[in-house]
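Subject: Structure handover

Hello,

Here is the structure I said I would pass on. Please open it alongside this email and follow along.

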Amino acid sequence: MTRAITILTENFADWETALINSTARLYYGFYTQFATPGGLPVTSSGGMLVTPQLALEDIVFDELDLLMVCGGSHWQSGKAPDLSPLLRAARAKNIVLAGICDGTRVLAQAGVLDTVRHTSNGADNLTQTGYAGAALYQDVPWAVADQRVITAPGTAPVSFTAEVLRALGIADDNLAAYLAMHGAEHGKTARAER
C-alpha cells in the first residue's frame, strides 16, 4: 500500500492538497495521514478544523512513499517550523516530495529546489528564501515535476495531483479521465473570457 503524509499548519490552504489526498485514498488505495507541529489540531484558511494522525516530530520514513507540504499563510508568518532536516532526509531516501503554494517555499528553504526544475506562486516567492535554484525556476501556471520533486502554484491542484501520481508510477486511463473532468472547468473559463 502506498503511504502518503501531508504536512499542515495553522491557516493551511484547504483546496491545495484535498484533490490529491482524496484521489489517492479513494481511487488508488493510498494510506493517507496528516501531520502538524506537535500533532495539534489546526484550522484551515476556510475554517475547517483538522485533527492530525501524527506530529511532525513523529514522522518516520519506513514505507513512506510521499511527503507533501500544503501551502498556507503560516509559512511566511515567522512562526513556521523548520522542516529542512526532515525534507533533506526524505530526499536522501528518494521519497517523493511535493509542495504547493507556499509549501514550495519550505522545499526551497531546505535546499530541495536547488538542483531540480520547479515552480511556485511566482519567482519572488522563492527568491525571498535565499535558495540557490533560481536558474531552474519555471514560470508556468501548472505543476512541475523533476527527479521525484513536484511543485505547483496554489492555483494548480489538478496538475499537482497528476504530477504527484505520475511520480509514483500511476498514469492510467482512469486517472486521465478523472483529471480531465476536474480540468474541464478551466477550459470553459478560458473560452468565456475570449
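This is a predicted model: local features need pLDDT of at least 70, side-chain atom pairs count only at pLDDT 80 or more; totals for chains, interfaces and linings use all residues.

Now the pairings, one by one. Strand 1 (residues 3-7) runs parallel to strand 6 (residues 66-69), and 4 bridges join them. Strand 7 pairs with strand 9 in the parallel sense, over 4 bridges. Leu 97 has Val 149 in strand 9 as its bridge partner.

Strand 8 and strand 9 run antiparallel, with 3 bridges between them. Val 144 is bridged to Thr 151 in strand 9. These two strands form a hairpin with 2 residues between them. In that turn, Gln 147 has a positive phi of about 55 degrees. Arg 148 lies in the loop between strand 8 and strand 9. Its phi is near 70 degrees, a positive value in a residue other than glycine. Arg 148 counts as partly exposed, at 30% relative accessibility.

**Covered strands**

How many residues of strand 7 are buried? The count is 5 of its 5 residues. On one side sit Val 96, Ala 98 and Ile 100, and on the other Leu 97 and Gly 99. Both faces of strand 7 are therefore covered, since those residues are all buried, meaning under 20% relative accessible area.

Strand 9 is covered on both faces too. Val 149 and Thr 151 are buried on one side, Ile 150 and Ala 152 on the other. As a general point, side chains in a regular strand alternate between the two faces of the sheet.

**Helices on the sheet**

Several residues of helix 5 are buried, among them Phe 160, Val 164 and Leu 165. Just after helix 5 comes Gly 169, with a positive phi of about 85 degrees.

**The largest pocket**

The largest pocket has a volume of about 190 Å³. Which element gives the largest share of its lining? That is helix 1, with 6 residues. Helix 1 and strand 2 each supply at least two lining residues. The lining includes Leu 8, Phe 12, Asp 14, Arg 25, Phe 34 and Val 50. By class, the lining has 6 nonpolar, 4 polar and 2 charged residues.

**Single residues to look at**

Thr 9 lies in the loop between strand 1 and helix 1. Is Thr 9 buried or exposed? Its relative accessible area is 1%, so Thr 9 is buried. Leaving aside neighbours within four places in sequence, Thr 9 is in contact with Pro 37, Val 42, His 74, Trp 75 and Pro 81.

Tyr 31 is found in strand 2 (residues 31-36). Tyr 31 is partly exposed, with a relative accessible area of 40%. Not counting residues up to four places away in sequence, Tyr 31 touches Met 1, Thr 2, Arg 3 and Ala 4. Tyr 31 and Val 149 are 118 residues apart in sequence. In space they are 20 Å apart, C-alpha to C-alpha.

Glu 63 sits in the loop between strand 5 and strand 6. Its phi is near 65 degrees, a positive value in a residue other than glycine. Glu 63 counts as exposed because its relative accessibility is 70%.

Best wishes

Definitions and conventions. Residues are numbered from 1 along each chain as its sequence is written. Side-chain values use heavy atoms; hydrogens and water are left out. Buried means under 20% relative accessible area, exposed over 50%, partly exposed in between (1.4 Å probe, protein chains only). Contact means heavy atoms within 4.5 Å. Two strands pair if DSSP finds at least two bridges between them. On a 1 Å grid over the protein atoms alone, a cavity is a set of points where a 1.4 Å probe fits but cannot get out, and a pocket is an open set with protein on both sides within 12 Å along at least five of seven lines; lining residues have an atom within 4 Å of a point. Grid points are joined across faces, edges and corners, and a volume is the space filled by probe spheres set on the points. Ala, Val, Leu, Ile, Met, Phe, Trp, Tyr, Cys and Pro count as nonpolar, Asp, Glu, Lys and Arg as charged, and the others, Gly among them, as polar.
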